[in-house]
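Thank you all for coming; I would like to walk slowly through one model today, beginning with a term and then turning to how its parts are arranged. Please keep the picture in view while I talk.

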Number of protein chains: 2
Amino acid sequence: MIKIALDAMGGDNAPHALVHGGVEALRASRDDLELVMVGDEATIKNELARHFRINELPISILHASQAIRMDEAPAAAVKLKKDSSISVAMRLLQNGGAQAMVSAGNTGAIMAAALFILKRLKNCRRPGIGTVLPTEKGPALVLDVGANVDCKPEDLLQFAVMGSIYFARLHDIVHPRVGLLNIGREDVKGNELTTKAFALLRASRLNFIGNIEGSDVLAGAADVVVCDGFIGNVVIKFGKSLHGLFKSNLNRLVRKYLFSQIGAVMMKPTFDGIRKLFDYQEYGGAPFLGVQGVCIKAHGRSSPRAIRNAVLAAKKMVAEKVNEHIQQQLELGCC
Amino acid sequence: MIKIALDAMGGDNAPHALVHGGVEALRASRDDLELVMVGDEATIKNELARHFRINELPISILHASQAIRMDEAPAAAVKLKKDSSISVAMRLLQNGGAQAMVSAGNTGAIMAAALFILKRLKNCRRPGIGTVLPTEKGPALVLDVGANVDCKPEDLLQFAVMGSIYFARLHDIVHPRVGLLNIGREDVKGNELTTKAFALLRASRLNFIGNIEGSDVLAGAADVVVCDGFIGNVVIKFGKSLHGLFKSNLNRLVRKYLFSQIGAVMMKPTFDGIRKLFDYQEYGGAPFLGVQGVCIKAHGRSSPRAIRNAVLAAKKMVAEKVNEHIQQQLELGCC
């Protein structure tokens, strides 16, 4: 039985999407999942009351009197609000009351709480945040996407090790292809950071395929794309906005032309296919790798389906002992 | 009269697209443009013979016995091939035989030749390469996109100054909005480089609007987007591939559904509008800023239309005295 703490208060669609998604995750599981919903008890009870036959599901509520807003300064908010749903969930993890936590709240606050309360895994230099992207050849994990804006080569090596283990276990691939995000594919290309990281990766026992370019990421050249948190953050946000720009202009132009309006209706199955391909909801949230506990950050605008998938990903991370395998590799010295 | 050297041998579609595009640029000009086509004389003559009434146009040919391939190591190729079309064009610029050069060839080789032969502008720390992107609010210039992979804060300030002058002159905007590409919009956000660059930009006399995120670029938040060449390169390549991924999947899905095939025909004006919006051909190539001469790099896969627009952009850079204005600002100490 795996017990997961679900922060019911974080994210733009809280508590509805969280509670609904949690219920869906339980219904998709076979008696091997239990949820602790963390947050304001009355609010969660109200929300649960909207679902049928909820008493049959293994749900408990853990009251937290505070919530951290999406726009609060992370470290200060975590220090100030000791009883926030994020910190209460982390403390439950720490004392063994749950084996994983899922939140759609303030990313920086979740990371700060994880560092203050759970601490880093032994030998982990810096925990990283991964994001799963759709590519031509299936999902790929990009990390770090924002936790570390100034990295050393050794940090990138650890991201590669942690990301590789996560990807292997979550996506059932024995030796994930690890690529180093760079300005060209040749071995000698790069800045100071990537040139040194390249040498470390080449010397490791990872399935390192070498440097990849910006254009290789979505072509699916690598399963695990390693980069510093600054570039990962900018690229992920840029990518999401390009999709949005395309869509808004498509809608604008469709409205402009009568034939296009009819054409758009006829093309619905095609557009549904495209949406599904680019849909972050299918991809189970962003894992925090390198902390003493399984933490998954769901997108702030998560739908119930996205939350369901994030909870199921957390469950798989626990079942597959991802953190235990990462700890083992870090103790071996990472290669 | 403005005289431009056009490298007829560089790029995937050389010499056809180059010669054709050059002819189109001349036809779009009113007797104030002259072209020197640089490359193998016989090849260029053959290509010119395919056009009508070519004798009426002010075209001359400057023979160059060598060409640098797209995949050659830049610095070595420039040193080895003294008579490459790129170097011959640069020397023409240097001795005053032309006021600008346009090439669709090996970017690194063009930059290396510009640095060896033309040299940097006085007080310019490092020349940068800009790329014009389409956004929701019109074109935006992103720089640097690859010339400098490890930057100091002062480099970013100079990119901002040079980009600002280029954008103001080429797009007729008095005070272009300068944004610093970063991981968040708040003033305090960033890594070591951007935090320091932020302070320099804030203290300058530029129209600095502050930090912008990856998702703000295509929304058109800034006219000039400043970043180091590593991140600029990765973001630009990533963006181009996302568009490609979208298109290839659209085509695949359209073929799958009969109704979608009919719908796609009806939606043609919409799709044409989208293509035009994302079309790099409309945007006149990538300026090299900070070297003693006007150099524009057209996309390697440039069509004749893209070459035409790159030549016209080079002509405007000369007419508007962009480099003279940049030199003046650099001598004033950049703020």
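Let me start with handedness: a crossing of two helices is called left-handed if the near helix is turned anticlockwise from the far one by less than a right angle, and right-handed if it is turned clockwise. What we have here is a predicted model, in which local features need pLDDT of at least 70 and side-chain atom pairs count only at pLDDT 80 or more, while totals for chains, interfaces and linings use all residues. Residues are numbered from 1 along each chain as its sequence is written, and chains are lettered from A and ligands numbered from 1 in the order in which they are written.

With that term in hand, the crossing of α1(B) and α11(B) is right-handed. Helices here are DSSP runs of H or I with at least four residues, and they are numbered from the N terminus. Helix α1 covers residues 16–28 of chain B and helix α11 covers residues 304–319, and the two pack at an angle of about 50° with their axes 7 Å apart, where each axis is a line fitted to C-alpha atoms over the stretch in contact, and angles run from 0 to 180 degrees between N-to-C directions. That angle makes α1(B) oblique to α11(B), since angles under 35 degrees count as roughly parallel, over 145 as roughly antiparallel, 65 to 115 as roughly perpendicular and the rest as oblique.

Which residues of α1(B) and α11(B) meet? Among them are Ala17(B), Leu18(B) and Ala25(B) on the α1(B) side, and Ile307(B), Val311(B) and Leu312(B) on the α11(B) side. The residues of this contact divide into nine nonpolar, three polar and three charged, with Ala, Val, Leu, Ile, Met, Phe, Trp, Tyr, Cys and Pro counted as nonpolar, Asp, Glu, Lys and Arg as charged, and the others, Gly among them, as polar.

Now to the two chains together: 46 residues of chain B are in contact with 46 residues of chain A, contact meaning that the C-beta atoms, placed from the backbone, lie within 7 Å. On the side of chain B that touches chain A, α8, α9 and α10 each supply at least two residues, and α8(B) gives the most, with 18 residues. That side divides into 27 nonpolar, 13 polar and six charged residues.
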